[in-house]
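Visitor: I am new to this structure. Could you walk me through how to read it?

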Amino acid sequence: MNNLEMSVNVAINNWQQQVNAFNSVLDKLSTDDLLQEVAPNRNRGIYLLGHLVAVHDAMLPLLRFEEALYPELRPVFIEAADKTTETLPPAEQLKSQWNEVNNKLLAHYNALPADEWFTRHGSISEENFAHEPQRNRLNVLLSRTNHLSYHRGQLAFLLKKNQD
């Protein structure tokens, strides 16, 4: 394994570790727990779950793998704030979608040759990418890994609330 492949492998493994850590927290929360705010006047757990499903789903076309599986989640969980939409999908549905999206992403990650991670993502033109090569697929993976970690930390507050 060369340094390029090793670097990509580290990034993919970090992403998978964050998904696993999120799943560990999620598995300990009931549907009722997910309906609570993580802190006063903050997002509910179910909104954070839906938000992450929608964000990870949007990675499929952003990384130029395939079309989003659940584009209907974007307006509810990316374009709108929590508590501004009357009806949210059930927690069990979101959990299933979460698993499906992440399994798809991981399969694509593992199939993509290391050098392809340094090609442009889907939101930048070839012309602009020539001037901003850091706007590549690997950068998306790294930023979304950090995003997931941040929201996992928020969701963990629900576990703490249950222990108090």
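Guide: What follows is a short tour, from the whole chain down to single residues.

Guide: This is a predicted model, in which local features need pLDDT of at least 70, side-chain atom pairs count only at pLDDT 80 or more, and totals for chains, interfaces and linings use all residues. Residues are numbered from 1 along each chain as its sequence is written, and side-chain values use heavy atoms, with hydrogens and water left out.

Visitor: How many helices and strands does the chain have?

Guide: Helices (H or I, at least four residues) and strands (E, at least two) are DSSP runs, numbered from the N terminus. Here there are 7 helices and 0 strands. The order from the N terminus is α-α-α-α-α-α-α.

Visitor: What does the radius of gyration say about the chain?

Guide: The radius is taken over C-alpha atoms, and the globule rule is 2.2 Å times the number of residues to the power 0.38. For 164 residues, a compact globule would come near 15 Å; the chain has 17 Å, which agrees. Along the principal axes, the C-alpha atoms fill a box of roughly 50 × 30 × 25 Å.

Visitor: What share of the residues is buried?

Guide: Buried means under 20% relative accessible area, exposed over 50%, and partly exposed in between (1.4 Å probe, protein chains only). In this chain, 42% of the 164 residues are buried.

Visitor: How do I read contacts along the sequence?

Guide: A contact means heavy atoms within 4.5 Å. Take the contacts between residues at least 6 apart in sequence: 72% join residues at least 24 apart. His-151 gives a local case. It sits in helix α7 (residues 137–163). At 8% relative accessibility, His-151 is buried. Setting aside neighbours within four places in sequence, His-151 contacts Leu-48, His-51 and Leu-52.

Visitor: How many aromatic pairs are there?

Guide: Rings of Phe, Tyr and Trp (its six-membered ring) pair if their centres lie within 6.5 Å; planes under 30 degrees apart are stacked, over 60 edge-to-face, and the rest tilted. The count here is 5 aromatic pairs. Take Phe-22 and Trp-98: their ring centres are 4.8 Å apart and their planes meet at 50°, so this pair is tilted. Phe-22 belongs to helix α1 (residues 3–27) and Trp-98 to helix α5 (residues 91–111), so the pair ties together parts 76 residues apart in sequence.

Visitor: Are those two residues buried or exposed?

Guide: Phe-22 is buried, at 0% relative accessibility. Trp-98 is buried too, at 1%. Now look for a ring cluster. Ring pairs link Trp-15, Phe-65, Tyr-109 and Trp-117.

Visitor: What should I know about phi?

Guide: Most residues other than glycine have a negative phi. Asn-41 is not a glycine, yet has a positive phi of about 60°. Find Asn-41 in the loop between α2 (31–34) and α3 (45–62). Asn-41 is exposed, with a relative accessible area of 69%. Lys-83, also not a glycine, has a positive phi of about 70°. Look for Lys-83 in the loop between α4 (73–77) and α5. Lys-83 is partly exposed, at 45%.

Visitor: How far apart in space are Asn-128 and Val-38?

Guide: Asn-128 and Val-38 are 90 residues apart in sequence and 39 Å apart in space, C-alpha to C-alpha. Asn-128 lies in helix α6 (residues 126–131). Its relative accessible area is 36%, so Asn-128 is partly exposed.
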